[in-house]
Amino acid sequence: LSDKSIQLTGVSQAPDSSYLLNLFKGNKPQKSEIAAITPLNARGFFSFTYSDYEKLQLALEKYRNKDLPDTNKSIYNHANEIGIIYFSQAQAVALNTLDADNDTSILPSLLTAEKKYRGIPMFRFSKPQMFYQDLYPLITQKNLNYACKIDDFYVFAEKKESLENIIANYQNTTVLGSQAYYENLTTQLTEKASMLLIGINENLKLPISKTVDAKWTKNY
């Protein structure tokens, strides 16, 4: 305990395959970089990383008791992090590729160019249900109709406005990863993690206040 924070450290055990933690068994955690494109007007992000997609796929099949198609495997083999950026009324999914400039996965063939926004090409995504079908329960977003590419990230959203928001804040450097307080926070966390959930306090106060007992609403 301190005057500015409460820090808890512990161990969580996952006895069998019905626990979400077991999805990452046998996978080495990687460094999360999604904060670099998370706007300050977002509520926060959830990120998961992996070193071997085939192991993750097998774990997902066991968890869901269902065989998953290998159709999109080359896409996930060219990435090591997938994250969700949360906004008040929308969400975006980001795929952190290992080498976006030399991407040999099938992903570019699924994108149809549309207009540019601030010099960044926007695309129509031909498989809007793909991430949900392949990665549920880690990804629950459907109808990811549009995409754009920002450095090593491919970002997907239901509406273009969500992508435009991310692009504008990235270019203006008003993103979480460029803030001194976030850099200070990361020094207190392990450098690599299988799962990382970050919330931006100012943007979480109102939604939290609407979910707690009425007597605590004013406090939040």
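Q: At what relative accessibility does Gln179 count as buried?
A: This is a predicted model, in which local features need pLDDT of at least 70 and side-chain atom pairs count only at pLDDT 80 or more, while totals for chains, interfaces and linings use all residues. Residues are numbered from 1 along each chain as its sequence is written, and side-chain values use heavy atoms, leaving out hydrogens and water. Buried means under 20% relative accessible area, exposed means over 50%, and partly exposed lies in between (1.4 Å probe, protein chains only). Gln179 therefore counts as buried, with a relative accessibility of 18%.

Q: Which backbone oxygen does the side chain of Gln179 reach?
A: Start by finding Gln179 in the loop between α4 and α5 (180-186); helices (H or I, at least four residues) and strands (E, at least two) are DSSP runs, numbered from the N terminus. Gln179 touches Leu40 and Thr173, leaving aside residues up to four places away in sequence, where contact means heavy atoms within 4.5 Å. A polar contact is a pair of N or O atoms within 3.5 Å; within protein, one must be able to donate a hydrogen and the other to accept it, and residues adjacent in sequence count only if both atoms are side-chain atoms. At 3.1 Å, the side chain of Gln179 reaches the backbone oxygen of Val175.

Q: Which residue caps the N-terminal end of α1?
A: Helix α1 has 12 residues and reaches 16 Å from its first C-alpha to its last, close to the expected 16 Å (1.5 Å times one less than its number of residues). After α1 comes Asn65, with a positive phi near 55 degrees. At the N-terminal end, a side-chain oxygen lies 3.0 Å from the backbone nitrogen of Glu54, and the capping residue is Asp52.

Q: Which elements do the buried residues of α1 pack against?
A: An α-helix has 3.6 residues a turn, so residues three or four places apart point the same way. In α1, the buried residues are Tyr53, Leu56, Gln57, Ala59, Leu60 and Glu61. They pack against β1, α2 and α3.

Q: Which are the edge strands of the eight-stranded open sheet?
A: Two strands pair if DSSP finds at least two bridges between them. The order of the sheet is β4-β5-β6-β7-β3-β2-β1-β8, with antiparallel pairing. Pairing on one side only marks the edge strands, β4 (111-117) and β8 (195-199).

Q: Which residue of β7 is the bridge partner of Lys149?
A: Five bridges join β6 (residues 146-150) to β7, which run antiparallel. Their hairpin has two residues between the strands, and there Asp151 takes a positive phi near 55 degrees. The partner of Lys149 in β7 is Tyr154.

Q: How many residues of β7 are buried?
A: In a regular strand the side chains alternate between the two faces of the sheet. Phe153, Val155 and Ala157 are buried on one side of β7, and Tyr154 and Phe156 on the other. The buried count for β7 is five of five.
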